[in-house]
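Have the sequence and the 3D view ready.

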Amino acid sequence: MTDTMQVDSPAAAVEQLKEANGDIDESLYSRQLYVLGHEAMKRMGSSNILVVGLRGLGVEIAKNIALAGVKSLTLYDPNPAALADLSSQFFLHPEDVGKPRAEVTAPRVSELNPYTPVGVHPSNSITNDLSQLQRYQVVVLTDTPLKDQITISEYCHNNGIYTVITDVFGLFGNIFTDFGKNFTCGDPTGENVNTGIVAGISDDGLVSALDETRHGLEDGDFVTFTEVEGMDGLNDAAPRKITVKGPYTFSIGDVSGLGQYRRGGLYTQVKMPKFINFGPLTAQLKKPELMISDFAKFDRPQQLHVGFQALHSFAQKHGGEFPRPHNDADAAEVVKLAQSLAGSGDEKVELDEKIITELSYQARGDLSPMAAFFGGLAAQEVLKSVSGKFHPIVQWLYFDSLESLPTSVQRSGELCKPLGTRYDGQIAVFGKDYQDKLANVREFLVGAGAIGCEMLKNWAMIGLSTGPKGRITVTDMDQIEKSNLNRQFLFRPKDVGKLKSDCAAEAVQAMNPDLKGKIVTLRDRVGPDTESIFDETFWEGLDGVTNALDNVDARTYVDRKCVTFFKPLLDSGTLGTKGNVQVVLPRLTESYSSSQDPPEQSFPMCTLRSFPNRIEHTIAWAKDLFHTYFVGPPEVVNMYLSQPGYLKSSLSQTGNEKQTLETLRDFLVTEKPLTFEDCIAWARYQFEKQYNNAIQQLLYNFPKDSKTSSGQPFWSGPKRAPDPLKFDPSNNTHYTFVLAAANLHAFNYRINPPKNMSRDMIINVMNDMIIPDFKPDANVRIQADEKEPDPNAGVVDDNAELDKIAKSLPPPKSLAGFKLEPVEFEKDDDTNYHIDFITAASNLRAENYKIQQADRHKTKFIAGKIIPAIATTTALVTGLVVLELYKIIDGKTDLEQYKNGFVNLALPFFGFSEPISSPKGKYQRKKEGSEELEDVLIDKLWDRFETENVTLRQFLDNFEAKGLAVTMISSGVSLLYASFYPPSKNKDRLPLKLSELVETISKKPIPAHQKRVIFEITAEDATEEDVEVPYVLLKLQ
């Protein structure tokens, strides 16, 4: 869909297929478009990609590229599929063993995206005729001998073909990129450009941002200016390079000859392209440019650079075979090869023999999470090369997760040898005993969306829960939508409308039949309202929990349950190219809820009502208008009609009696439509009210030449003086406002639009209307500044007028059976007029205030609070989660072995740190038989006191014996005991058992499914100081 979409017929605007002009199917690519943008995706759409090697890593790259959308994707791997490939190649089935990998894989990759044609490269050898590579813009090499890598990459470098080379050996992996000489990176970060309002520009070029708002710029950034008065020469001139002088100021250099700054002005950051020279593979092997993936392993990349070459040398000497699993003789040979390579380069590399030995041990290892990590990374590099969006890896990146090696089981040549099973690639690394451990895990996956799909795929490949005691429970209440298909790769177009949990489980059982009968699917949200389903027995029966959620509330709830039941939790999330992984370990780490994200940005009401200066302000205002027109009033009307005595009970509590009564009068009496034409007329009046009358009133209160009390122009700085709009039916935005508003109003009243509805018909209705001239009202008061009190606050309504409106309303009985239909906001249905209305309403207001307007795509992103998403980040982050899962299942307790991770594929950046320990505390009590005090240490998060169902008196005595004087006890919202209560009040409670006490005070029985009650207590220790103590857990029989 182009930016100039045809808005008078949203249904027609939903294109089913990408046309020859490169338009993009926004309903499919919606979430990815918010990461990459239209231009980058159009460049991708004209690119032909070749992926060589189709074991786990190759198919992961192919999957991610197919989902992203390119002109064509070609696969090459004539080798026969082996049973061990099934360790990570999720598109191979046991019956494919012996068939050429590319031939059986290509049809399954092609199902992922109807817009990406997938073919097989027709050749038995790429190196025999390199000219066949000329048809591709990018060649990706996996599972390719080093000598072939050199031959192919040399040809590509000299012929302007981009190359990405990547390999994984067990828990080790690397990636190399070569995008040629003078590669242009158009947007190195992918971040939104910074914009702001100018407060002043000095004669020496120092720019101050308005109202001390941080400009967010960095040295070397470029900016342009508009609307500057005085220094007019700055407006729309070439971008200027800036130097940051402080968080609120920056210098633009020499401004002589541009005049004297008077007032006003907006600055906008301009992204300048970055030019990068890539060296060929032969030069980079000798003198590598290495990116650090983990700063705790600063010296590891140089060693692995040598080690990987040593592995390829070994394979070349042994007929293409890599070292055998955990074979000491082979490892010794690899170490020897590595030592000779380490001393031959420009700089001698210090080798840790243990690392190189481990690399040799694992050379035949094939792990799904490592394929997921490097598959996501490599696919993103391919997209960077053809789109110019985001900064590429320059030029090598090595990564390992040796911490994932199990220590609870033995590994040896005998235990790691192939057994002729689909898990041989994993057994080569971890050994047979650990494979059995994986198979008997009981794991709970919360969510089956993008991360959930990737997680289940990884679990299927590693054989999680496939044993006699194993079980995976997955829950997701959502149904599949078209926009999910772009990154939730287990789903196909035929699945749209079905439950995510069912379809995801079915898909991974097809990938690994060992999972049949091992997955329990549910469609329930995990929360307080489903505790009868996810009860104590459920949580106690789990070994671990993995979150695949997209909202903080649900994550927090699951996190608290994991703390209560001492269950390890793996949490992860993505936002465009950014991703994070957090490990929560019982009695060791802090939990997800221990830290909080900053609150969402909100705008002052005064700015939204009268003084917008950014498109975000007008979109927020339009979203509120949507609610004010189509959601709130129908709900009020329905309550009036269905709740006896609504006017008396509700109005006395709300404090906005007049507004509620006027809404009821307008929607039930004065403006109640009978036909669709009435809805058109209503919509046209709303246009007049919002974009002409309200603006005229604002300018009447604050004329364009008005001054503040300090003598400054009122309309300056962030206050932009508006102009009223005159309705123009030939203006698409004006017309769309009426079209969308009329349809939504008709929806409220269940009025069907006429089948022959046309633009001419709607315009004819409007032409027959008489729009009264507007006269400003001298009694209207408007708040001029957020810091000033609202002049309308505290105004007492005229009771006589309220009574008059109330009497004009029809009694609810006279409208028996009548009900309005509130609109439920749904951003992803392009035929429902929701986003059309908000886009038009926002852009009309932007037109009032001369603010740069936003297209439908951007408006949908902001109004719908859409989380941008791309398959590459999801795959990579999920790989990191499973690498941590290996450690949890192994039972590791050393925090240094675990990694919380943060990645940003755009930069690219990788940050890993060990999880933060849970907070500790202490209180003091008397030593037994002594007056001397001793410290009692507590874990503030994981510790809790447990109690039997004793009487309140016994409860207090028990804590006295622990050295704590309990001063208050509460459960939920009920205060059960307080030391400051009068003795008479506590007297009746002291003999009650704790369960009776809860039921008596809360006046509710404890639900039958609830086997535990939590009490929060406050207490004093032996020093008579208040101390922070854990909660108390009462277990009911």
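Helix H3 (residues 56-68) and helix H10 (residues 368-387) have axes that come within 8 Å and cross at roughly 45°. Axes here are lines fitted to C-alpha atoms, for helices over the stretch in contact, and angles run from 0 to 180 degrees between N-to-C directions. Helices (H or I, at least four residues) and strands (E, at least two) are DSSP runs, numbered from the N terminus. H3 and H10 are therefore oblique to each other; angles under 35 degrees count as roughly parallel, over 145 as roughly antiparallel, 65 to 115 as roughly perpendicular and the rest as oblique.

A word on the ground rules: this is a predicted model, where local features need pLDDT of at least 70, side-chain atom pairs count only at pLDDT 80 or more, and totals for chains, interfaces and linings use all residues. Residues are numbered from 1 along each chain as its sequence is written, and side-chain values use heavy atoms, with hydrogens and water left out.

Back to the first pair. H3 passes H10 in a right-handed crossing (a crossing is left-handed if the near helix is turned anticlockwise from the far one by less than a right angle, and right-handed if clockwise). On the H3 side, Gly 56, Leu 57, Glu 60, Ile 61, Asn 64, Ile 65 and Ala 68 take part, and their partners in H10 include Ala 371, Phe 374, Gly 375 and Val 382. Contact means heavy atoms within 4.5 Å. This contact divides into 11 nonpolar, 4 polar and 1 charged residues, where Ala, Val, Leu, Ile, Met, Phe, Trp, Tyr, Cys and Pro count as nonpolar, Asp, Glu, Lys and Arg as charged, and the others, Gly among them, as polar.

Now bring in helix H28 (residues 871-890). H3 packs against H28 at an angle of about 150°, with axes 9 Å apart, so H3 and H28 are roughly antiparallel. Glu 60, Lys 63, Asn 64 and Leu 67 of H3 touch Ala 871, Thr 872 and Ala 875 of H28. That contact has 3 nonpolar, 2 polar and 2 charged residues.

H10 also packs on H28, at about 160° and with axes 7 Å apart, which makes H10 roughly antiparallel to H28. The crossing of H10 past H28 is left-handed. Among the residues that meet are Met 370, Phe 373 and Leu 377 in H10, and Leu 876, Leu 880 and Tyr 886 in H28. By class, this contact has 13 nonpolar, 4 polar and no charged residues.

So where are the holes? The structure holds 4 cavities of 30 Å³ or more. On a 1 Å grid over the protein atoms alone, a cavity is a set of points where a 1.4 Å probe fits but cannot get out, and lining residues have an atom within 4 Å of a point. The largest cavity has a volume of about 100 Å³; grid points are joined across faces, edges and corners, and a volume is the space filled by probe spheres set on the points. Its lining has 15 residues, with Leu 146, Gln 149, Asn 174, His 312 and Trp 396 nearest the centre. H7 (300-317) is one of the elements that supply at least two lining residues, and H7 gives the most, with 4. The lining has 8 nonpolar, 6 polar and 1 charged residues.

| Cis peptide bond | Omega |
|---|---|
| Val 394 to Gln 395 | near -25° |
| Leu 907 to Pro 908 | about -20° |

Gln 395 sits in the loop between H10 and S17, while Pro 908 is in the loop between strand S24 (900-904) and strand S25 (909-913). Asp 143 has a positive phi of about 55°, although Asp 143 is not a glycine. Look for Asp 143 in the loop between strand S4 (138-141) and H5.

Definitions and conventions
1 Å grid on protein atoms, 1.4 Å probe; cavity = no way out; pocket = protein on both sides within 12 Å on 5 of 7 lines; lining within 4 Å.
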